[in-house]
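Me: I have a new structure open and would like a quick tour. Can we go through it together?

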Amino acid sequence: MKRQVTMVIFLLFLGLVRGQISYNIAEEMSKGSVIGNIANDLGLQIKRLVSGKAQIYTRDSADYIELNRERGALLVKERIDREALCRKNTPCALHFQIILENPMEFYTVTVQITDINDNAPTFEKSEMKFKISESAVIGAKFVLEKAVDLDVGTNDLVRYDLKPKDNFALKLHNNADGNKNVEMVLQKPLDREKQEQISLVLTAVDGGEPQMSGTMMIVITVLDVNDNAPVFTQQIYKTTVIENSPKGSVIATVTASDADEGLNSKITYSIANTLDDIRNVFKVNAENGQVVLFGNLDFEESRSYQIDILASDEGGLTDSCKISVDVQDTNDNYPEINIMSKSTVISEDAKLNTVITMINIEDKDSGHNGRIACFLGDNIPFTLKTSENNFYSLVTDSVLDRETVPQYNITVSCTDEGVPSLSSSVTLTLQISDVNDNKPAFEMSFYEAYVVENNTPGVSIFCVKATDADWNQNSRVSYILEDSSINGVPVSSFVSVSADSGVIHAVRSFDYEQIKDFQIHIKAQDGGSPPLSSNVTVKILIQDQNDNPPQVLYPVLTGGSLVAEMVPRSADVGYLVTKVVAVDVDSGQNAWLSYKLQKTIDRALFEVGLQNGEIRTIRQVTDKDAVKQRLAVIVEDNGHPSRSATVIVNVAVADSFPEVLSEFTDFAHDKEYNDNLTFYLVLALAVVSFLFITCLVVIISVKIYRWRQSRILYHSSLPVIPYYPPRYSDTLGTGTLPHVYNYEVCRTTDSRKSDCKFGGAGSQNVLIMDPSTGTMQRIQTEKSILDEPDSPLEQKPPNNDWRFTQGQRPGPSGAAGGPEVAMGTGPWPQPPTEAEQLQALMAAANEVSEATATLGPGTMGLSTRYSPQFTLQHVPDYRQNVYIPGSTATLTSNPQQQQATAQQAAQQALPPPQAAAQVEPPKAAQTPASKKKSTKKEKK
């Protein structure tokens, strides 16, 4: 499909971009077909169509075209039928505008609809009948019904065919309006006697590709002689009719005459137009030829009509004429105001000439009736600016203020120039959006607030109120307490301000006697961006409250001493005894004091001044008056409720001091024994409780300590099975122990801190017991590298104080001489007590003795897995060679070997380093029980 695209773009003086573009498409395109890429053709980007909310504005109600913003293409929304849209009018086009916002732009688009051959020529009637006299002359014409083809151009009707052509020929007659009348012309005389009825076929063919056609049957009945055909006085009649004329109005009268007589001269008039609206608008009187208005005339729908009138006589002869009707326009259409695009909200800080709405004004009338003038109401900051083709722009022409006028109802009125003129109007509602251009304003520039002292913390003191003329978030006011200090104390420790309500709350309880007033500064800040604020000062005055009782300054009782005023018995009435002096730290009427006696009797001797507190006599002193007088004076303030204090004034009625002294020695002074006794009892109870708890803690601690020590110490009641420790030489030379025995020791990283000591290899020590003294002496044949004083693994020597008495020495009988001891290089364990050592030695010796006695000869009672040659002579005498558990020494009781042991001490030492390198690899450590079984295997 070929499309032609033309585009013209130009700028309006308002700064609006306006362009015009045209497309050509064929009718009957399927729904969704692409008309053109409007974005490329207008030079716009796809995102501009989306952000500008591009939309189609059309004046017609029909909606044939749609805009796809994402693709930037115009699409067919509904099937377009050119014949239904434009009828016979050419060219046929759709006109609409594309509107974009921010900034406001609009483009005019024209889509030309080209015709396709989708309609065949059609006759209104499928059959047409004629009655023709047999005497009709050759050349007689008979008007046929025309075919109608709704297509235009080359697809319109191009020719007619009439078959058969024996008697009649077809003739086309061109009219002044370009239309053609179809006439059937008699070419051969008719003979009713030969053929009374003739049937013909009229075919209409268009010029489309492929060609389409329509047919109509013509039935001719041959009659007797009718010599003359009707003849109109005019071939064309012209008339003018005002639109909206009432129905039944006569618009024209046609006249035809027939030279025949009788029935052959009777003429009948009819309208020959087919397939158009002529017959719905006009009617012709069949007898007199008057053409009357049958429907409504609308100049805007059709400005002219062509009416074909047919005159027929009874003989079947006809003639035709044409009536050209011009419709005259009247001012019957109101101006139409169409809102193309509008903004319902505009910011109050909008610049001048900001476009608010695009308006199109249209009046279907023509001439002066279609000329329009538009205007706005008064006293509004807007104006209308016009462009060509009745497009208007509503723009701002002054500053907007939302706080003054938050909303405008803009009425646009348009009036045409017809007589009488017609007008129409439309009202637009425009909201003015708020801008944060107003500060919060307090009701007063300075506030004073009052609060009564001794208030409850958190009580509300005062409320400040600020209003903001802005709207919504911009008018939301928050209250902030400005930082300041009062006598060096932050103001926030005195009061707080509610951010939402502006209520001032007391943070603490105020005391009028300490602070009487202070000032705070409160800032009101709105929620705009950026925020605006204003400040106000609030002076808070503390009101006094009667919270302090009067304080008596005189007389004062101190240290329990008794003070008395003396009144001589000769005192006159009004004698000044003393004056009670009191003060009240409150202020105002709360500090006004009054004095009175607590108890009065009928013959009272004294009175107190109500205002000054002076105590005076009110009568003469008599003998009946007691020497001791006790006056209770009440000092009361004037507060509400009032507070008071009481003071006791002792008065002595006497002339001399000794008399007074004798009387006042009986005065009992109350001592607060009960209070002191309670204090001492509580103190004693606390001390006893503390001592009890301390003793309990100490006892528990001692028990725990002893228990832990008993866990650490070695306590075992099992007999000790003697075994030979590794790496010790046999001092007796019997060969029962290996000279070198390797073993493995696994220790933790903290083994050195424990009580268990492990020896190291590298030297050999020999302990020899002196028989005379019972003291073991160490002979070190080779110095160990561990004996250096700085070595952390230095081997400690055995305890030289370890001595045995003659009866305690180990052996079969306990009477042997001192044994020689061969010892290794391992460290000494913690030595047990002598009693524990002796018990272990004796138990081991007895166990060995009992075990030896039960053995059979030659086998020791061992299993058969041992060799038979294993006899008792191979068993070492454990009674002579005893290993002391917990030590690294071997004791012997053989006196014959003592000397040899001393001589061979050096030879029995550890081998030199060369020999030490050839020792056997380490073996797993063996338990004492398993060691006895493996003695023979380990013997060299």
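Predicted model: local features only at pLDDT ≥ 70, side-chain atom pairs only at ≥ 80, totals over all residues.

Me: How many disulfides does the structure hold?
Reply: It holds 2 disulfides. Counting bonded cysteines along the chain, the pattern is 1-2, 3-4.

Me: Which cysteine does Cys86 join?
Reply: Cys86 is joined to Cys92, with an S to S distance of 1.8 Å. The link of Cys86 and Cys92 is right-handed, with 70 degrees about the S-S bond. Cys86 and Cys92 are both buried.

Me: And what about Cys374 and Cys414, how far apart are their sulfur atoms?
Reply: They are 2.1 Å apart, and the two cysteines form a disulfide. The torsion about the S-S bond of Cys374 and Cys414 is about 105 degrees, so this disulfide is right-handed. The pair links distant parts of the chain. Cys374 is in strand β28 (residues 372–376) and Cys414 is in strand β31, 40 residues apart.

Me: Are Cys374 and Cys414 buried or exposed?
Reply: Both Cys374 and Cys414 are buried.

Me: Cys321 next. Buried or exposed?
Reply: Cys321 is buried, with a relative accessible area of 5%. Cys463 has 40% relative accessibility, so that residue counts as partly exposed.

Me: Switching to rings. How many aromatic pairs are there in the whole structure?
Reply: A search finds 13 aromatic pairs. One of them is Phe142 with Phe168, an edge-to-face pair. Their centres are 6.1 Å apart, with 80 degrees between the planes.

Me: Where do those two sit in the chain?
Reply: Phe142 is in strand β10 (residues 141–144) and Phe168 in strand β12 (residues 168–174). They are 26 residues apart, and the pair links distant parts of the chain. Phe142 is buried at 0% relative accessibility, and Phe168 is buried at 1%.

Me: What lies over the face of Phe294?
Reply: Lys283 does, at 4.9 Å from the ring centre. Elsewhere, the charged end of Lys516 sits over the ring of Tyr512, 4.8 Å from its centre.

Me: Last one. Where is Met358?
Reply: Met358 is in strand β27 (residues 355–362). Met358 is buried, with a relative accessible area of 1%. The C-alpha atoms of Met358 and Met340 are separated by 5.3 Å, though these residues are 18 residues apart along the chain.

Notes. Residues numbered from 1 in each chain as written. Heavy atoms only, no water. Helix = DSSP H or I, 4+ residues; strand = E, 2+ residues; numbered from the N terminus. Buried < 20%, exposed > 50% of the residue type's maximum accessible area, 1.4 Å probe, protein only. Phe/Tyr/Trp six-rings, centres within 6.5 Å; stacked < 30°, edge-to-face > 60°. Lys NZ or Arg CZ within 6 Å of the ring centre and 35° of its normal. Disulfide = S-S within 2.5 Å.
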